[in-house]
Amino acid sequence: MPTPETSLETCSDISLDDMGAVLASSAVIGSTFQFFKGIYNSPKGQRLISGTQAVRRNGLRSGGIYAVWFGLSYAMECSIVHVRQKEDNWNFIFSSAAAAGFLQMRKGLGPASRWSLLGGVFGALVSYLPIPDD
């Protein structure tokens, strides 16, 4: 019987449908957030108009950021699995940290390292959550 380290699955189990579902759900959540942010930051009498303008300006962008992070994190996780030849929770933690840091590299080393730490904490929280049995 092969051990988990020698029977690694390929990283082709994600499809464009999964990426589309992540983009759609994050766009809905991002648009909702931008709508309420636009309502909150507008003068009285212009709240609905400002909310819809904020969605048009920033809704897809704020949703797309998460979709890009998801795709980059998945690609890095596949690379880490290939390099380490082991499938465990550390792969997701390292890939989450690396993706978050990589996306913030344009702002400098300080923000990239802080976001990398935050991404690693997020990856640790997500990877160690108990999954309920159906």
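You're looking at a predicted model, so local features need pLDDT of at least 70, side-chain atom pairs count only at pLDDT 80 or more, and totals for chains, interfaces and linings use all residues. Residues are numbered from 1 along each chain as its sequence is written, and side-chain values use heavy atoms, leaving out hydrogens and water.

Now switch to a cartoon view. You'll find 4 helices and 0 strands, in the order α-α-α-α from the N terminus. Helices here are DSSP runs of H or I with at least four residues, and strands are E runs with at least two.

Next, select 16–40 and 47–84, which are α1 and α2. Their axes sit 6 Å apart at an angle of about 145°; axes are lines fitted to C-alpha atoms over the stretch in contact, and angles run from 0 to 180 degrees between N-to-C directions.

Move on to Gln-85, in the loop between α2 and α3 (89–103). What is the phi of Gln-85? About 55°, a positive value, although Gln-85 is not a glycine. Most residues other than glycine have a negative phi. Gln-85 is also partly exposed, with a relative accessible area of 40%.

Last stop: pick Tyr-128, in the segment after α4 (109–127).

Terms used
Buried < 20%, exposed > 50% of the residue type's maximum accessible area, 1.4 Å probe, protein only.
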